[in-house]
Amino acid sequence: MKTAKMLGIATGFLLVATPALAETPSGEIGYAKGALGYDALVAGDNHTALTQLEAADGVSANDPARLINLGQAYKRVGRAGDAAQMFRAAMNSNRSFDLVLANGTVVNSRKAAKLALSEMNTSLAAR
């Protein structure tokens, strides 16, 4: 099972990998630093995160962790349609793996993408 760390702002939870978290200075466990745009997302530097994620440097363009983080970055810069497309792509990906939430809960990447899409839709509907 592959575990990744990424930020799930739309769903209000932080996805982390453990126990390697204490050993890894970057949020991208199992990926090259910056490959998932994690640190830039945490810092609120959405444009840097987009640059890193759109480059997909060393990461499959269809990697669910990349797609979810790209969706988060798109959502933050007001590109809701693109964000929804990324979340749907992660939900429908032929790859999935478990992610560990900051509270220790394990969530499949498809479920994390579904939660992010649902949360985004709820926040848009509330406007």
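**Basis.** I worked from a predicted model, in which local features need pLDDT of at least 70, side-chain atom pairs count only at pLDDT 80 or more, and totals for chains, interfaces and linings use all residues. Residues are numbered from 1 along each chain as its sequence is written, and side-chain values use heavy atoms, with hydrogens and water left out.

**Helix α2.** I took helices as DSSP runs of H or I of at least four residues and strands as runs of E of at least two, numbered from the N terminus. In α2 (residues 46–55) I found N46, A49, L50 and L53 buried (buried is under 20% relative accessible area, exposed over 50%, partly exposed in between, with a 1.4 Å probe and protein chains only). These residues lie on the same side of α2, because they cover an arc of only 100° around the axis (the arc of the directions from the helix axis to the C-beta atoms). On the other side of α2, I noted H47, T51 and A55 as exposed. The cover over the buried residues includes α1 (38–43) and α3 (64–76).

**A56.** I then looked up A56, which follows α2 and sits in the loop between α2 and α3. Its phi is positive, near 50°, in a residue other than glycine. A56 counts as buried because its relative accessible area is 16%.

**S93.** I located S93 in the loop between α4 (80–92) and β3 (98–101). S93 is buried, at 7% relative accessibility. Leaving aside residues up to four places away in sequence, S93 touches N62, P64 and R110 (contact means heavy atoms within 4.5 Å). The S93 side chain reaches the backbone nitrogen of R95 at 3.0 Å.

Notes. Polar contact = N/O pair within 3.5 Å; in protein donor to acceptor, adjacent residues only side chain to side chain.
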